[in-house]
Amino acid sequence: RARGKRGGPAGPEQEEDGGGDGFVDARLSRRILEQARRQQEELEAEHGPGAPAAPRQRGAPAPLPAGPGSDSEDDEEWPSLEKAAAAAAAAGRSGDYGGEVEVDPEDEKAIEMFMNKNPPLRRTLADIIMEKITEKQTEVETALSELSGCPMPQLDPRVLEVYRGVREVLSKYRSGKLPKAFKIIPALSNWEQILYITEPETWTAAAMYQATRIFSSNLKERMAQRFYNLVLLPRIRDDIAEYKRLNFHLYMALKKALFKPAAWFKGILIPLCESGTCTLREAVIIGSILTKCSIPVLHS
């Protein structure tokens, strides 16, 4: 108080900070250092030793993925993603990125007891598109033949040619920029039909990751749910069944898909549980997404 009187009246902030001498209380210093140490330990546990300091506070929301309009988005993200994939492969981590999962045979037998003995046939985007095309063709041809006998309008041959070219690119894609024609698919009213032309089952894992980024950030929730259910989920299940593990890029696609949590639950998790054929390996890999990613409480 004597110092305060000589130097003028102390404000409330100066009194709280210890008379305005600019030092932080010892207890507060310990708490700050403890929190910083914890945060660094979490970063090292997640990214390995020597990880950089956290760019944002733990409670802050994650940055939204960029839309399809920015051309530099792929080049910015891919170097770090490729390094992470190489590091995961070199380290041989079993739990991270859907790597090799050790499955206990007894646990596998236990979960098989809950499987459906006569599971329904799994439908893919190709099945649904073919059904729609057949229905529309019959319906429109009948209506037009009654009116004027005009042939059913088809997609412009130039459009077909462009998207067949996109199909060739996606079947060999590794990294870099995607064709602009592919980035505009979410804005089209007949996006499912156009997507069918590109044959998603032939895409590389890297192309599937990029497609998930674009569709999760640009489709509405219900349409994103259809993409997850008809394109992403069948690809993930086939990959796990064939290789007994999940490709790094497909695992990252699963994480990116959580940008729309409701669509993720309704398009991936619930259909997987309802199928009655979810294996223990699939449960471990897809369940790890739930433990690693932050999901809004209401969706959970």
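Thr-198 is located in the loop that joins α9 (191-197) to α10 (205-218); helices here are DSSP runs of H or I with at least four residues, strands are runs of E with at least two, and both are numbered from the N terminus. The model is a predicted one, in which local features need pLDDT of at least 70 and side-chain atom pairs count only at pLDDT 80 or more, while totals for chains, interfaces and linings use all residues. Residues are numbered from 1 along each chain as its sequence is written, and side-chain values use heavy atoms, with hydrogens and water left out.

Thr-198 counts as buried because its relative accessibility is 0%. Buried denotes under 20% relative accessible area, exposed over 50%, and partly exposed the range in between, with a 1.4 Å probe and protein chains only. The Thr-198 side chain comes to 2.6 Å from the backbone oxygen of Leu-195. A polar contact of this kind is a pair of N or O atoms within 3.5 Å; within protein, one atom must be able to donate a hydrogen and the other to accept it, and residues adjacent in sequence count only if both atoms are side-chain atoms. When neighbours within four places in sequence are set aside, Thr-198 contacts Tyr-163, Val-166, Arg-167 and Trp-203, where contact means heavy atoms within 4.5 Å.

Most residues other than glycine have a negative phi. Glu-199 is partly exposed, its relative accessible area being 27%. Together with Arg-167 and Glu-168, Glu-199 belongs to a network of salt bridges. Lys-244 sits in the loop between α11 and α12 and is partly exposed, at 42% relative accessible area.

**The nonpolar core**

A nonpolar core is a set of buried Ala, Val, Leu, Ile, Met, Phe, Trp, Tyr and Cys residues joined through side-chain atoms within 4.5 Å. The largest such core has 52 residues, and the members touching the most others are Phe-182, Leu-195, Trp-203, Phe-215, Phe-227, Tyr-228 and Trp-264. At least two residues of this core come from each of α7 (157-170), α8 (180-183), α9, α10, α11 (221-243), α12 (248-257), α13 (261-274) and α14 (280-292). Beyond residues up to four places away in sequence, Phe-215 touches Phe-182, Ile-185, Pro-186, Trp-191, Leu-195, Ala-224 and Phe-227.

Helix α12 is largely enclosed by the rest of the structure, because eight of its 10 residues are buried. The buried residues of α12 are Phe-248, His-249, Leu-250, Tyr-251, Met-252, Ala-253, Leu-254 and Ala-257. At the start of this helix, a side-chain oxygen of Asn-247 approaches the backbone nitrogen of His-249 to within 2.8 Å.

**Salt bridges**

Seven salt bridges are present in the structure; each is a side-chain nitrogen of Lys or Arg within 4 Å of a carboxyl oxygen of Asp or Glu.

| Pair | N to O distance |
|---|---|
| Arg-158 and Asp-156 | 3.0 Å |
| Arg-226 and Glu-192 | 2.5 Å |
| Lys-266 and Glu-221 | 3.8 Å |

In the pair of Arg-226 and Glu-192, distant parts of the chain are linked, with Arg-226 in helix α11 and Glu-192 in helix α9, 34 residues apart. Arg-226 is partly exposed at 31% relative accessible area, whereas Glu-192 counts as buried at 9% relative accessibility.

The salt bridge between Lys-266 and Glu-221 likewise links distant parts of the chain, from helix α13 to helix α11, across 45 residues. Lys-266 is partly exposed with a relative accessible area of 43%, and Glu-221 is partly exposed with 36%. For the remaining pair in the table, Arg-158 counts as exposed at 61% relative accessibility, and Asp-156 is partly exposed at 29% relative accessible area.

**Cysteines**

A disulfide is defined as a pair of cysteine sulfur atoms within 2.5 Å, and by this rule the count is zero. The sulfur of Cys-273 has its closest cysteine sulfur in Cys-278, at 6.2 Å, which is too far for a bond. Cys-273 counts as exposed, at 56% relative accessibility, whereas Cys-293 counts as buried, at 18%.
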